[in-house]
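This briefing is for a reader who has not seen the structure before. Please look over the sequence and the model first; the notes follow by topic.

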Amino acid sequence: MSPRAACRLEALGFTEIYDYVTGKADWLARALPTEGAEPRPPRVADLLRDDVATANLPERVADVRPRVDESPYGFALVTGRGGVLLGRLRRAALEGDPAATAEQVMEPGPSTIRPDTAPAALARRLGERELTTAVVTDPDGILLGIVRLVDLDDCES
Amino acid sequence: MSDLRTATITEILGDDRWAADRVCGLDPNARRLYALILYRFTEGGPPDRDELSRLGLGDDAISELVERDLAQLGPDGQVAVAYPFSTMPTPHQVRTQHGQSYWAMCAIDALGMPYLIHQAAEIRAREPGSDRAITIAIDAHRLRELVASGAQLVEVLPEDEYREEHLPGAINIPLKELDATTAQQLDQARAVVVYCWDGL
């Protein structure tokens with residue numbers, strides 16, 4: 001639709017036209033602010049938590065583990081340049097060789113969701129897979145946070 | 001049936017224009033000169049001939065670049081072009097994420113320039129035959145920069161979808177209502193960014 005609008009504007013004499021091709025879907029998937037009718041439908045973005053432990057690729061397991069122990073979750077997320085999510089350090093890896101680096105023992109490419117996901121749909125998916133948390137990233141893979149099943153359930157009720 | 005097919009770069013440009021061959025056989029001095037000129041272009045403009053002479057990169061090296069069509073001199077004898085850069089305005093402008101602006105010699109040069117300078121960039125071009133503007137696709141980061149610098153943001157989805165939720169500051173002109181009359185609410189002298197749900 002927007003490419004046709006851009007073409008129409010060009011025919012009407014506009015000379016500097018840009019097309020935000022990925023559009024509103026991309027904007028919402030980045031949890032960026034919007035305007036409009038209130039209340040808008042609930043989204044996972046409303047339930048994001050930033051209390052998950054994170055680690056860099058070269059960090060040693062021994063240095064990451066205390067942060068995980070202090071967090072409410074039994075794992076850490078490994079991020080690279082610009083906060084892009086690269087992997088997950090599960091408890092078993094954290095209890096292994098303390099000299100190993102996050103890069104060596106992480107589970108690469110964990111599953112993620114976008115922040116504009118509907119809480120009810122996500123609660124169903126997590127329930128079916130017997131999971132209690134989901135990792136949230138934007139379309140560029142940048143880690144935004146964690147959402148918990150318990151919060152999704154509260155939101156539903 | 002269309003007879004369109006994929007062509008190689010060499011087929012498009014011709015053997016004599018293939019930069020790899022043109023650069024590989026360069027004399028070391030000419031190669032050094034070419035690298036210096038390109039580097040200086042990224043900083044704003046080519047070095048002048050006096051500076052090149054002081055660096056020991058004089059007439060022979062420049063002549064070789066000109067002979068191989070890697071550079072062109074202006075009427076004043078100074079470097080005016082070193083592919084992909086031009087000192088003179090062309091229909092192909094490349095603007096980097098950090099606000100620098102370069103003129104590219106052709107559309108292919110413009111496309112390669114972001115890789116050469118290791119920066120994300122936006123290309124503004126005009127169609128050679130008609131001189132018509134070419135619409136450029138942008139991402140969310142560039143969108144915010146454009147809006148901050150005064151661009152007009154237009155959601156072209158139906159009114160009910162706009163009313164429910166839209167990007168901050170956007171106005172609504174549904175595609176089905178976009179004509180000369182409704183477009184009058186936009187300023188032709190300013191940039192316009194259009195968007196829908198996902199471009200389809």
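A:Tyr18 has B:Ile136 of E7(B) as its bridge partner. The model is a predicted one.

**Strand pairing**
- E1(A) pairs with strand E7 (residues 136-137) of chain B.
- The two strands run in the parallel sense, and the pairing covers two bridges.

**Contact between the chains**
- Chain A gives 33 residues to the contact, and chain B gives 32 residues.
- On the side of chain A that touches chain B, at least two residues each come from helix H1 (2-11), strand E1 (17-19) and helix H2 (23-29) of chain A.
- H1(A) supplies the largest share of that side, eight residues.
- Sorted by class, the side of chain A that touches chain B holds 16 nonpolar, seven polar and ten charged residues.

**Helix H5 of chain B**
- Helix H5 (residues 59-67) of chain B has B:Ala61, B:Ile62 and B:Leu65 as its buried residues.
- Viewed down the axis of H5(B), these buried residues fall within an arc of 95°, so they line one face of the helix.
- The other side of H5(B) carries the exposed residues B:Asp59, B:Asp60 and B:Glu67.
- Helix H3 (28-43) and strand E1 (71-73) of chain B are among the elements that cover the buried residues of H5(B).

Note on methods: Residues are numbered from 1 along each chain as its sequence is written. Chains are lettered from A and ligands numbered from 1 in the order in which they are written. This is a predicted model: local features need pLDDT of at least 70, side-chain atom pairs count only at pLDDT 80 or more; totals for chains, interfaces and linings use all residues. A residue is buried if 20 or more other C-beta atoms lie within 10 Å of its own, exposed if 12 or fewer, and partly exposed in between; C-beta atoms are placed from the backbone. Helices (H or I, at least four residues) and strands (E, at least two) are DSSP runs, numbered from the N terminus. The arc is that of the directions from the helix axis to the C-beta atoms. Two residues are in contact if their C-beta atoms, placed from the backbone, lie within 7 Å. Ala, Val, Leu, Ile, Met, Phe, Trp, Tyr, Cys and Pro count as nonpolar, Asp, Glu, Lys and Arg as charged, and the others, Gly among them, as polar. Two strands pair if DSSP finds at least two bridges between them.
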